[in-house]
Each structure stands twice: as C-alpha cells, then as structure tokens.
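Good morning, colleagues. Please look at the structure as it comes up.

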Number of protein chains: 2
Amino acid sequence: MRVTSSTALLTDMYELTMIDAALRSSAASRQSVFEVFARRLPPRRRYGVVAGTARILDAVEAFRFTGAEIDYLAGAGIVGEQTLDFLREYTFRGSILGYPEGECFFPGSPVLTVRGTFAEAVILETVVLSILNHDSAVASAASRMTTAAHGRPCLEMGARRTHEASAVAAARAAVVGGFAGSSVLEAGRSYGIRTIGTAAHSFTLVHDDEEAAFAAQVEAFGPGTTLLVDTYDVTRGVERAVAAARAAGGELGAVRLDSGDLVAQAFTVREQLDSLGATSTKITVTSDLDEYAIAALNAAPVDAYGVGTRLVTGSGHPTAELVYKLVAREGADGRMREVAKTSASKESVGGLKVGGRVVEDGRAVEELVVSCGTVAAGRAELDRAGARHLQVELVREGGQIVEEHRGDGALERAQERHLAARDELPYAAWRLSEGEPGVPTRHEAV
Amino acid sequence: MRVTSSTALLTDMYELTMIDAALRSSAASRQSVFEVFARRLPPRRRYGVVAGTARILDAVEAFRFTGAEIDYLAGAGIVGEQTLDFLREYTFRGSILGYPEGECFFPGSPVLTVRGTFAEAVILETVVLSILNHDSAVASAASRMTTAAHGRPCLEMGARRTHEASAVAAARAAVVGGFAGSSVLEAGRSYGIRTIGTAAHSFTLVHDDEEAAFAAQVEAFGPGTTLLVDTYDVTRGVERAVAAARAAGGELGAVRLDSGDLVAQAFTVREQLDSLGATSTKITVTSDLDEYAIAALNAAPVDAYGVGTRLVTGSGHPTAELVYKLVAREGADGRMREVAKTSASKESVGGLKVGGRVVEDGRAVEELVVSCGTVAAGRAELDRAGARHLQVELVREGGQIVEEHRGDGALERAQERHLAARDELPYAAWRLSEGEPGVPTRHEAV
C-alpha cells in the first residue's frame, strides 16, 4: 500500500479553487509559511505522538497531476485553464520542517512547517492533515496502551474495524507507539512489520470437534503455536490444547482467550496450565481491550495483549485535532509578515515558530515555542533557554526529500525515538486519567 | 481510488494460517456459510445503514494472489507450499447474498451471507468487514444528520480528519446516507459525487485585505460563489462580500460561517443580508457540526450544512460492530449443520438465515430473521409472514458479480433505497436520543 500512484486528488476542492483565484490576484506566488499544530489535546491525553511522517513524504512526492487528474478537473470544470497549466507542472519545491516521527507534541507545538509559495503549499493541506491526523491519533492511543502494558507485548489486530487502507497505516502507527506486531499482512509487506495470528473460532467450528481442530493446527505450525481455547468450554479447551501439543512432541506455545472475564480467566487458566506442567505455555488475551482494560489486566498472569477496535479508532479519539494554518506570508513590499484569523473562536498565534523541549535532570519540564523571523533566530533562542531542538528538515528547500525519514529503518527509529521521548516526560504525563498536558507550552517571541 | 491492484493482503494473517491448517485436515473444502451481522447497535442508534457493498464487490474481484503477494508470503514463511498453491489459484467461486446498499439493518439482521468452501469464504473475512464496518458507520452517522437537517442539504467536508483513502470511502458512504456532495476531489472522480468548496481563511489572509481576497474569488468564480466571511469581523465581512459580488454585476451566491455561535450568527447575518437587499444570498455553516448541532440549527436561517470530523468518524462510533461468523458447515457425512461458539460471551445464532421486514400500513413493524435449511425455505416463511425480502444476490454461485450493485448509478440507487427504507421506519426510529432499535428483531426457525 505504498503510495504508487498520484495522491493529488486526495484533496479538498477548495485548495484548487483558492489557487485558481490566487493566480488571478497574484497572491498565488507569495512566499508563505503554513504550520500544523493542535490547539488542544483530546480529553485525558497528556501528550500527542507524531506519526505518519514517512507516509507524508511519500504522498508529497506522489502529489503530481498526471493526464488522468487533469482530464478529470477539466471535465468537471473545477478550475480554469491557467490553473490547469499550473497543476500540470506542479511539484512541491518548497521546504518542510517538522517534529520527527515518534516525537511527542503538546498544544501549540509546531508539528510541521511547510514553506513555499501560497499555491504550492496550500495545496498539500488536505493530504498532509489526513495522514497526520489519522496516524497520530492511532499512535497516541497505542502509546497509552504500551505504557499501560508495562513491557508486555501489545499486538495490533484491528484491521476489520477500520477502512482497509487505514488498517495498514494504523498498524504502522501502532508500531510507532510501541506495538510489537500486527495481524495485517499488507503491513508486513509494506513496512516490514512482524505479522501475527493463528486461528479464529470458525477454524474450531469447521472441524468435527476441538481435538481435530487443534491437531490440524499443531500439525501445520508445531506445538509452539497459539491455540484459541474458548470456543466451547475453556477448561476442556486448555486440556485439549496442551494434549494436542504434547501429542506432537512439544509443549504448547500459548493459549488465546477472546471472551468472558479476562482477568478471572487468566488466573484460572494459568493455574490449570501450571498444574498440567505447562509452565512455559503463555497466555494471550484479545477481547475488547483498551488502555484501561490493559491496566486492569496488569496484575493478572497475562503474557501478551491483542488490541483491535479501540486501537484503530484511537481509543475514543479517532482523529488528532491537528490543523494547517497560514501563519506568515509575503506582503506587497516583498517582506514576510505574520497573519492570523482574528474573529470569534479558532484564533491562533501567527508567525514562523520553532519548538524546543526544556529538559532538567533528565525530565522534560517545558515545551518552548518561539515565534521568530527565521529558523536560525528561533534556534538561537532555544539554545539560550537550553531547550532540545525538536524540528528536523524533512524536505529541503527546492523539494528534495530527506530520505532518512522514510524507507528502511525509519519505522524502527521512530519507535525508538518515541520510547525515548516518552521516557523523558514527567511521571504525570504517563497517567491515563484526566489532567493537564504532560508539560506546559510556553510561547515566546524573538 | 477504485481497487485496481490486489486486495489479497488487506487480510489478517490468521485467515491464511487457518487455511494452511485446514488444508491438512481437509476441512478447507467443507461447504460453509459465513454471516455478517451486528449483535447490537451503538448507543443511541435506532438503525444501521448498509454501505460499502459496491466496494466489497470490487475488493472480492481484486482478491487475487499475484506473484508479488506470493513472493511476500513465501519469503516471510507465513504458510506452506500447499497453501501457496491454493492461493495462487484463488478466486472466489462461492456466492454472496446481502442486504442491498442503503438498506437499514437491526441487531441480528443477516447483512451479508457468504457461501463457499471454508477456505474460499474465510479468507474474505477481514477485507469484507473492514469495508462494511467503515462505510456503514459513516452512512449511519450521515443518515442521522440528514434526518436532523430536514431537507436542507448536507455536504461532506471531513477528508482532513480521517485517513486519506478512508476519506474517499467516507464521502461515498455519506452520499448513501443522504448527503448532497463532498469536498474530496477523488470522490468526484471515482464515484461521480458532486464536489463542493471555495476558499479557506488562508485565502483571505494571503491577500492584503479582505476586499482584495473577495474580489479575486468573485473574479474567478463569479458573484454566485460562496465567500467565507469570518476571518476578521463578520459584519464587515458580509458587507464586503455583498459589495464584491455587486461590483461584478450580480448578487452573492452565499456566505459561509465557520466559527463562533452559529445559531446566533445565522440570525444576525440573515438580517444583515436582507437589510442589504441580498435576500437571495444563502448561508452555509460549517464548524464542528454533528446531528445534534444540526438539529439545534434547524430553527435558524441556514441553507446548507458542511460536516467534517463528526461525519467521517461516525459521530462517536467510527466503526459498525459487524462481525463475520461461521454459522453452518458441511459435516463428515456431507450434510450441512449449524454451528456456533458456546462458551462465555459473544454467542450467536447458528444456521443460514434470511431477513425480511414486516411492513403494516406503510410502516415497518418487525425485522423477521428466519433460520432455515435453504434460502428458498426461508423466503417461503417470509412470504407467509408478509415480510418484504431484504436480501439480494450480490455474487452468483460460481463467483459472478451482479453488476447492478456497483458501477454507474449504483450509488444513486443506494441513496434512493436508503431514503425509502428510512421513510418506512416508525417515527421513533428517526429520533436522535437513546432508545430501542427502530423495529424489534424476531428470530424464527423453519
């Protein structure tokens, strides 16, 4: 599911009609700065997790209007001839600065900064937000779940509860948030994610009895496989599962519990396994888990968590609330100036910004956001405040993608980066309950 | 975004490992019946809306393991050689019966029935559920919103708040639920959906002042365009908007309000427009709407609703809770028998089923679900009960897709079908509040 064809129509129509009108007023060519940020975090969230960066870079590269896209736009009469000419030649030649994948963010963090002409930068709004809002929502939920799991592996199994392409992106975002594997094969192919899974209840039910089903599975995958033991009676299921593995000359790898009271069952089944001498056989649980259920299962003898629905739907918050706003643009005099909407609600802070994290004794204490005329000036201020710089170059001026942020190893690095950034947060940030962001955001201007 | 490449890896790994094991036990070739149904509706929902049928048919057709998929599976060692041979030759040759797109469903409704060998039918589980759960969740939310809008047009604008491919499917599902258009260009290209949109706040901000922005937009799209009037001061914005259209020799098409108290603003702006003589100028509102906000705006002078986040995230329920369960399969004696999980929770009713709706005096009064040995026997029972048959043939025995359920006109027919099915429900089913399903489901066996 890597982006292989054009992503240019994954775009709200108004991006193109704005270009159409701006080409007439000459505003289209004004140098502009767009910023992606969150005004707030969803309830109960203490931090957000940046995810989707690698997919954004693929999408920006594939953002080209080929003959097929132009034909559609021309046929539908959406924009005029001048705009079609602009789109035919379109390729992003600006620059993108951003928090690297896996980094934590807070309200006001300048998560992504897109610079270029108004036309070339505004047009990326929809697809950039689609990717960041989806992937960050899932990664943020995943991070809470892996925090709650205290080192026990979490496995992503939610494909059936989200759009089929989202499922692949969700698996990837889950890994950014610390997950150890996914059930989706396309996630294995596209991103090298370890895939997992053995059998569903239907596999037991299609056989004449549980013994026949377990024997067939052990024959195919050896005694080290995971057997689903709750199709009929769990106690009989566990007995048969251990026996099936031993008949094949080994000890059973694991049993899976997918229904009922998981905490109580985990204790009962662990006791039964131990009494059968199957002390190495593990227990995986998989029914309707979220971070709270995982936390509740912490005291139970469980070895792995399979998480579905609640992970891929962002555990109550299926979309991050990231927005893409024009914060500065060139004036008629050629000088850059800050801009911001000023009516009623939805205000924002204008101007180019850099983000830094102030860390004291190994603990993050502040998200410092500096409004600045240039990145260099902002960074100097971060240095003065002793803040770790949070933005990296993702696309170089001229449109060249910085390859280390996608492709081989990028996902593993993002996970490592996330776990390190999360470890650095104060204890309160890891809590699942209602509360303030993990660290406060302070705005400053230079 | 039509499915043009293989959909075969949009699949949970366990579907393939089950086939691997079942090929050894010979269960793989047992004739099987899988049923998609919902155990319950999400809180506050009185009915569900079937959506995604056309996309499922495309996905089933594209479910082929080409060299690339086989190479991945072989390289990752996921299944053995015998299974790879099976997959190389795989194409669905069973049959699919289902509620047509747009039809309403209730707990226990047999929304989709997939028949074939165990192996050929189990393998479709993940992608079928991904599509149905996503698209039905969005269509169900859309239907509540169009009910609340009482005939005022609802427009889909949520692309930026969901995965970029989900956005296209969500636009389609929204139309099934009664929406009149979408902002996503790919939805226009792929499904012929009317696309809408004019400009964002950034367009106003990139110009030196609001007058310049409005003039540019009116020059590009004529006075009939929609101007966004809340970047600075709304009252001044409305004044300038009307003036910009008149300067181009016409009356302004519409103003858009995207922030603040929309109910209060709609009244103020309507009054202002009327006092300016712009009585034909319409008002579109677009900020954080859902079915409740739309209902609250009903008394306000609003002409159209643009709905984003809450639509594409299923208004609190981003996934329908549809499951895909084995309900009957061939035994060793060659005869079909009902099967069902019997432990703890997640029970279901075994056996092939047909669904019908009992309608009295033009109002639906019951969802009748008949467990039956054959579809013909079940339908005879529906006829006896005077129930409208709800299932249609989507894929004919042997794997031939019934073309009328996808392609040209299918989406329009699905919307018409939905509006008719919804109209037939009792008044209580249209309410937005907590309550029972719109009609009760009755199970019967013949």
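What you see is a predicted model. I begin with the extent of the contact: chain B contributes 97 residues, and chain A contributes 97 residues as well. Between the two chains an area of about 8000 Å² is buried, and carbon and sulfur atoms account for 58% of that area. Three residues deserve mention here, namely Arg160(B), Glu164(B) and Leu185(B): together they provide 10% of the area that chain B buries against chain A, more than any other three residues.

Let me turn to the polar side of the interface. There are 14 salt bridges across the boundary of chain B and chain A. One of them can be shown in detail: the side chain of Glu69(B) pairs with that of Arg189(A), with an N to O distance of 2.9 Å. Polar contacts between the chains amount to 47 residue pairs, both residues being at pLDDT 80 or more.

Which helix gives the most to the side of chain B that touches chain A? That is helix α1, residues 13–25 of chain B, with 11 residues. Taken as a whole, this side of chain B comprises 45 nonpolar, 30 polar and 22 charged residues.

Methods
Residues are numbered from 1 along each chain as its sequence is written. Chains are lettered from A and ligands numbered from 1 in the order in which they are written. This is a predicted model: local features need pLDDT of at least 70, side-chain atom pairs count only at pLDDT 80 or more; totals for chains, interfaces and linings use all residues. Side-chain values use heavy atoms; hydrogens and water are left out. Contact means heavy atoms within 4.5 Å. Buried area is the accessible area (1.4 Å probe) that two parts lose on being put together, summed over both. A salt bridge is a side-chain nitrogen of Lys or Arg within 4 Å of a carboxyl oxygen of Asp or Glu. A polar contact is a pair of N or O atoms within 3.5 Å; within protein, one must be able to donate a hydrogen and the other to accept it, and residues adjacent in sequence count only if both atoms are side-chain atoms. Helices (H or I, at least four residues) and strands (E, at least two) are DSSP runs, numbered from the N terminus. Ala, Val, Leu, Ile, Met, Phe, Trp, Tyr, Cys and Pro count as nonpolar, Asp, Glu, Lys and Arg as charged, and the others, Gly among them, as polar.
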